[in-house]
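Good morning, colleagues. Please look at the model on the screen while I take you through its overall make-up and some selected details.

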Amino acid sequence: MKYFKLISFLILAFLLGAVLTTFPTVSHACKCVELQSVEKELESSEAVFSGKIIDITTEKNNRKILFEVEETWKGVSQTEIILKDEWSSCSLNFSKGESYLVYADDFQGEMTSDICNRTKALSGAGEDLATLGKGTTPTEEVDLKNQLRNPVVRYIYIWLPLVSLLIVAAVFIRKRSGY
């Protein structure tokens, strides 16, 4: 009977931990009205720059794309920038080592881009580059590689107290049962 209580408690604690660390994600439908002109896209974007992808990290459905900024037309003064997105049918197929012309928007405090704007490989962006003209070189030297790294232990603030509680409960039950 005592082992049944212990097993029930452990199952309940595990389920509680699973529920507390499982957060729903926001989903968005991918529906593009029509591609805007270069001028309108420049006006509506938070940032417009060209750059080479240094690194891409993926965790679950979230990607972080690190760009080395080569030229900027709007909103970017740093030599590196990170775009974040959730991998979906709206996501662009970025490749490490390739250069892109990026029209980025601010979504919940982070820069992002998707298939509904004019972001494209730099090799196919001739029309856009002709319209944009000469950009400027970023002036602020930064190194954002450390921001791509994921913490070793996620949600430690939830799991550590839960595991501690389980250990204390197991010791308490064991002492009461005389083992």
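This is a predicted model: local features need pLDDT of at least 70, side-chain atom pairs count only at pLDDT 80 or more; totals for chains, interfaces and linings use all residues.

Residues are numbered from 1 along each chain as its sequence is written, and side-chain values use heavy atoms, with hydrogens and water left out.

The protein has four helices and six strands, where helices (H or I, at least four residues) and strands (E, at least two) are DSSP runs numbered from the N terminus. Along the sequence, the pattern is α-α-β-β-β-β-β-β-α-α. Of the 179 residues, 31% are buried, that is, under 20% relative accessible area with a 1.4 Å probe, protein chains only.

Consider now E80, which belongs to strand 3 (residues 80–86). E80 counts as buried because its relative accessibility is 9%. A polar atom of the E80 side chain lies 2.7 Å from the backbone nitrogen of L144. Beyond its neighbours within four places in sequence, E80 is in contact (heavy atoms within 4.5 Å) with residues including I54, F67, V142 and L144.

Contacts across the protein can be summarised too: among those with a separation of 6 or more, 66% join residues 24 or more positions apart.

Finally, the surface. The protein exposes about 12,000 Å², of which carbon and sulfur atoms supply 58%; accessible areas come from the Shrake-Rupley method with a 1.4 Å probe, and for residues only the protein chains shown count as cover.

Note on methods:
Buried means under 20% relative accessible area, exposed over 50%, partly exposed in between (1.4 Å probe, protein chains only). A polar contact is a pair of N or O atoms within 3.5 Å; within protein, one must be able to donate a hydrogen and the other to accept it, and residues adjacent in sequence count only if both atoms are side-chain atoms.
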